[in-house]
Amino acid sequence: MEKEILRKELQVSAIENGTVIDHIPSASVFQVIKILNLTEYQDQLLIATNLDSQKMGKKGIIKVSNMFFKSDEINKIALFAPTATLIIIQNFKVVEKKKVEVPDYAENIVKCFNPNCITNNEEISTLFTVIDKKDLKLRCHYCEKITARKNIAFR
Amino acid sequence: MKNKSLVSINDFTREEHIRILELAGAFEKRPKQRILEDYVVATLFFEPSTRTRLSFESAATRLGARVIGFTDSSSSSVTKGESLRDTILTVSNYCDIIVMRHPREGSARFASEVATVPVINAGDGANQHPTQTLLDLYSIRKTQGSLDNLNVAFVGDLKYGRTVHSLVQALCNYNTTFHLVSPLELKLPSAVKMSIKERNLEYTQSTDLQEVISKVDILYMTRIQKERFSDPLDYEKVKNAYVLRNSMLDTAKPNLKILHPLPRVNEITTDVDNNPKAYYFTQALNGVFVRQALLASILGVVE
C-alpha cells in the first residue's frame, strides 16, 4: 500500500527545494494557484489534478520549487482548500509537514455573496471576519451579511 | 462619543446608548438650543427618505446648525458616474458631520472609513438604521420607565424588516422576553434569533397576534409587503391576520404601548389612533430628540 501511494506521488516529479501543497480538492487547484499568485511564477512549478487519493478520492497537488510561503499567506488557501497539507522540501527530503489553518480574517480574497453589498459595486477591498472556522462562515465587515461555505467565491 | 461614527447599533456600548437616551430626554425638555451655530451638517440621501431626512434636518436646524446636502442621487454627481469614495472625500471638506442614506448595504461603513468627518448612518440598504433603533429604545424607555425585563412583541414582517433586526439585537442587552408573531414565510432570520439564544433569553414564536396582546408591554407592529410573497395566494391568506384593531386591545395591560416605524398602510386600523396606547406618532417625534442628542454628542458640544 505504502509503495503504491509513493508511486502515485511520483507521478509528479520530486522537487529539490521548495513547498509541496498536497491534498487540495481537485476543483480548487487553479484557485489556489491564483490566490498564491503563482500564475506568473518564474521557477519550476508542477501542477496535477484528479490524482487518485485514498483519503479524498481525487486530489490535486502543487509543487513549487524554491518557494517558502509565509504562514499568513499560505493560510489564505484554507478558505478554498481546508484539507490541504504543506510539505517543506529541502534536498529532496521532507523537513516539515503541517496542515493549513483557517485564518481569523480574509482580506480581499473572497467575494461577498450579497449582490447589494457596496464591495460588489465600488472599488473596495473586501474584508471578512471568520466567525465559524469549522463550518466556514464569514461575516462581511461592510454589509454584515454572512457568507457560508457553499457561497464562497474567489474575488 | 466625540468624533465617533455611528454605522451599526453595535458600534455604541450599552452605556453609550443610555447616555444618548438621557441626552435626548434633555433635548425633549428644551428642543431649541443654538449650540451648533458654528457647524455644518451634510445630509446625503442617495435614495429618498422623507421622514428620516426631515427628522435629521429638523434636529440640526433646531440646534442652530446649517444643513447642506441632496435629497436623492439624481441631484448629485452620482449621475455623472462619481464613485461613493470621491463624493464622500469631497463632501468631507464642506461639513463637520455627514448623515448618509444609501441603497447599498455596507455603504455607511465604507463612508465612515473614507470620510475625514464622522458619519451617521441613516440607513444602508437592508442592513442597519441605528438612529431608528435608538429612537425605538427611547420610546420604550420613556413609556415603560426602564428598558429592563420587558415583554416585547414583534409583529408582521420579521424576515426583511431591518428595524426589527436591529431592535431585537439592542434589546438583547436588557433581559427582554421576546414574542415573535409572523406568518411562517416571514419568520425572524436565524442569524438574528441567534443573538436571543446566545443570551439565553426567553422567546415565543407564533402566528397568532391576539394571543400575545395580553402578555406584552410593547407591541411593535410592522407592515407586511405583498411583494415579499412568491405566491400571491399566500399573501391573501395571511394579510388580515396581522392587522391590529381597537377591539383587540381590550385584554391588554394598562402600560401597553403600540409602536410602528411608519409608514403605516393598513396594519393598524385608524380607530386605534385615538387609543392612549397608540404611540407611533409620538415615537416619530422622539426621533428628533434622539438625533439632536447624536449630533450634539458626536460633534463634541455636549458630553
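Modeller: Two strands pair if DSSP finds at least two bridges between them. Strands are DSSP runs of E with at least two residues, helices are runs of H or I with at least four, and both are numbered from the N terminus. This is a predicted model, where local features need pLDDT of at least 70, side-chain atom pairs count only at pLDDT 80 or more, and totals for chains, interfaces and linings use all residues. Residues are numbered from 1 along each chain as its sequence is written, while chains are lettered from A and ligands numbered from 1 in the order in which they are written.

Biologist: Thanks! What makes β2(A) and β3(A) a pair?

Modeller: Seven bridges join β2 (residues 45-53) to β3 in chain A, so they pass the requirement of at least two. The two strands run antiparallel, and A:Leu51 has A:Lys59 of β3(A) as its bridge partner. With three residues between them, β2(A) and β3(A) form a hairpin.

Biologist: How do you know that β1(A) pairs with β3(A)?

Modeller: There are five bridges between β1 (residues 18-24) and β3 (residues 57-65) of chain A, so this is a pair too, by the rule of at least two. The sense is antiparallel. One place to look is A:Thr19, whose partner in β3(A) is A:Val64.

Biologist: Over to chain B. Why are β2 and β4 of chain B called edge strands?

Modeller: The four strands make an open sheet in the order β2-β1-β3-β4, with parallel pairing. β2 (66-70) and β4 (119-124) of chain B each pair on one side only. From one strand to the next, the twist averages 15°.

Biologist: Why are α5(B) and α10(B) called roughly perpendicular?

Modeller: Their axes, lines fitted to C-alpha atoms over the stretch in contact, have angles from 0 to 180 degrees between N-to-C directions. These two axes come within 8 Å and cross at roughly 115°. Angles under 35 degrees count as roughly parallel, over 145 as roughly antiparallel, 65 to 115 as roughly perpendicular and the rest as oblique. The pair is therefore roughly perpendicular.

Biologist: What are the domains of chain B?

Modeller: An automatic or database assignment sets the bounds: domain 1 is 9-128 + 287-298, and domain 2 is 131-284. Their contact takes 16 residues from domain 1 of chain B and 15 residues from domain 2 of chain B. On the domain 1 side, α1 (14-29), β4 and α10 (280-298) of chain B each give two or more residues, and α1(B) has the largest share, with five.

Methods: Contact = placed C-beta atoms within 7 Å.
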